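Welcome! Take a moment to look at the sequence and turn the model around before reading on.

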Amino acid sequence: MIYFRTLIVVICVSILTACVAPSQGRPVTPNQRAENPSPRYNPPPPQREKAVPSRNRPSPALERQIAELWRTFPGKTGIAIKSIDGGWSIGHRADQNFPQQSVSKLWVAMTVLDKVDQGRISLSDSIRIGPDDLTLFYQPLAAEVKREGAVVKSVYTLLERALAYSDNTANDALLRHAGGPEAVNDFIRRSRLGKIKFGPGERLMQSQIAGLKWDQSLSQGRKFYTARANLPIETRRRALADYLADPIDGASPDAIVNALDQLARGKLLSANSTQLLQSILKRTRSGPKRLKAGVPSDWEFLHKTGTGQVLGGTSTGYNDVGIMTAPDGGRYAVAVMLGDTTAPIPERMRMMQAVTRAVASYHGR
């Protein structure tokens, strides 16, 4: 009896052992590992969900890159970027006033086209320009006036000259035809463009910045440069410092990109005037190595530059503002404004290029 009992116990233990122990060579499934983890098994880290790009917020990497560009560039710099279709914006010193210089030609053109939309003036209107209408600095029209005594140009031609070529005399002729600085500032107020001011026109503004009193003879040849150079240096420094402290043509980068946003969406002018203005700005010839040089070749870009006076090693009012359009139609308004800087021109250009290059690089990401 004892023998049989012992035999039965041995057989039962063998059967139980066979049932509990896994077969040699049979793989353990992932589910088994999860339920009974081995001390030697290191589970992989959990997979994070990929962030879905949102058109309603900027890429954090883009924000960091723009912040670094702004932080490391010498001088007073303002940067504003707005996604026209996404609605987001980023900026640094974007709410402070900066000298616009020729960027302000945008508001003259818009005022003119607004009056065209109202039927008060026409693109075919003829405007006479004579010696008493010449200004200073860049004014290719002056050579024609000197050669012919006086010239007659249409509003359309002057828009092209003022914007695409940044001709100061063409711009001042449009300004007179539109009703003067008061009309431009009225358009800015009615359109609720925010922190944007228009000055008294090129002659009065530039002479004030230099510390001179305007005289029409200063429009001839290089007489303005000579008169400015003959001023005491302290007079020039004081006049320039006053201008930079409260620019008579001041505007914030934020207000400018918001205005460009409204222009792009057809909120400021009629469809025809919007298309005309944008088509001219696409042909801008000034500043090809500023913002434009960082825009990919398959993107569309329209812009307006501005360049102020220089005293010693300091340059003022060095600007570029515009609208970038990606191949898929995504649009961005961009403004880079240098109130004053000691950086040489190539460095200024590289910084501006880096801004538009970064915007394009993070498009859709």
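Predicted model: local features only at pLDDT ≥ 70, side-chain atom pairs only at ≥ 80, totals over all residues.

Residues are numbered from 1 along each chain as its sequence is written, and side-chain values use heavy atoms, with hydrogens and water left out.

**The whole protein**

You will find 14 helices and ten strands in the protein; helices (H or I, at least four residues) and strands (E, at least two) are DSSP runs, numbered from the N terminus. Of the 365 residues in the protein, 48% are buried. Here buried means under 20% relative accessible area, exposed means over 50%, and partly exposed lies in between (1.4 Å probe, protein chains only). A contact means heavy atoms within 4.5 Å. Among the contacts with a separation of 6 or more, 69% join residues 24 or more positions apart.

**Helix α6 and two partners**

Start with helix α6 (residues 155-164), which packs against helix α4 (residues 105-117) at an angle of about 165°, with the axes 10 Å apart. Axes are lines fitted to C-alpha atoms, for helices over the stretch in contact, and angles run from 0 to 180 degrees between N-to-C directions. α4 and α6 are therefore roughly antiparallel to each other. For such angles, under 35 degrees counts as roughly parallel, over 145 as roughly antiparallel, 65 to 115 as roughly perpendicular and the rest as oblique. In this pair, Lys105, Leu106, Ala109, Val112 and Leu113 of α4 meet Val155, Leu159, Ala162 and Leu163 of α6.

Helix α6 also meets α7: their axes come within 8 Å and cross at roughly 135°. That makes α6 oblique to α7. On the α6 side the residues are Val155, Leu158, Leu159, Arg161 and Ala162, and they meet Ala170, Asn171, Ala173, Leu174 and His177 in α7.

**Salt bridges**

A salt bridge is a side-chain nitrogen of Lys or Arg within 4 Å of a carboxyl oxygen of Asp or Glu. By this rule the count comes to 14 salt bridges.

| Pair | Closest N and O atoms |
|---|---|
| Arginine 176 and aspartate 133 | 3.6 Å |

Glutamate 144 counts as buried at 14% relative accessibility, and lysine 153 is buried with a relative accessible area of 14%.

Arginine 176 is partly exposed, at 37% relative accessible area, whereas aspartate 133 is buried, at 16%. Elsewhere, Lys82, Asp261 and Arg265 are linked in a network of salt bridges.

**A buried aspartate without a salt bridge**

Finally, look at aspartate 172 in helix α7 (residues 168-178). Aspartate 172 is buried yet has no salt bridge, and the nearest side chain of opposite charge, arginine 203, is 4.2 Å away. For charge, Lys and Arg count as positive and Asp and Glu as negative; His and the chain ends are not counted. Not counting residues up to four places away in sequence, aspartate 172 touches Thr135, Gly201, Glu202 and Arg203.
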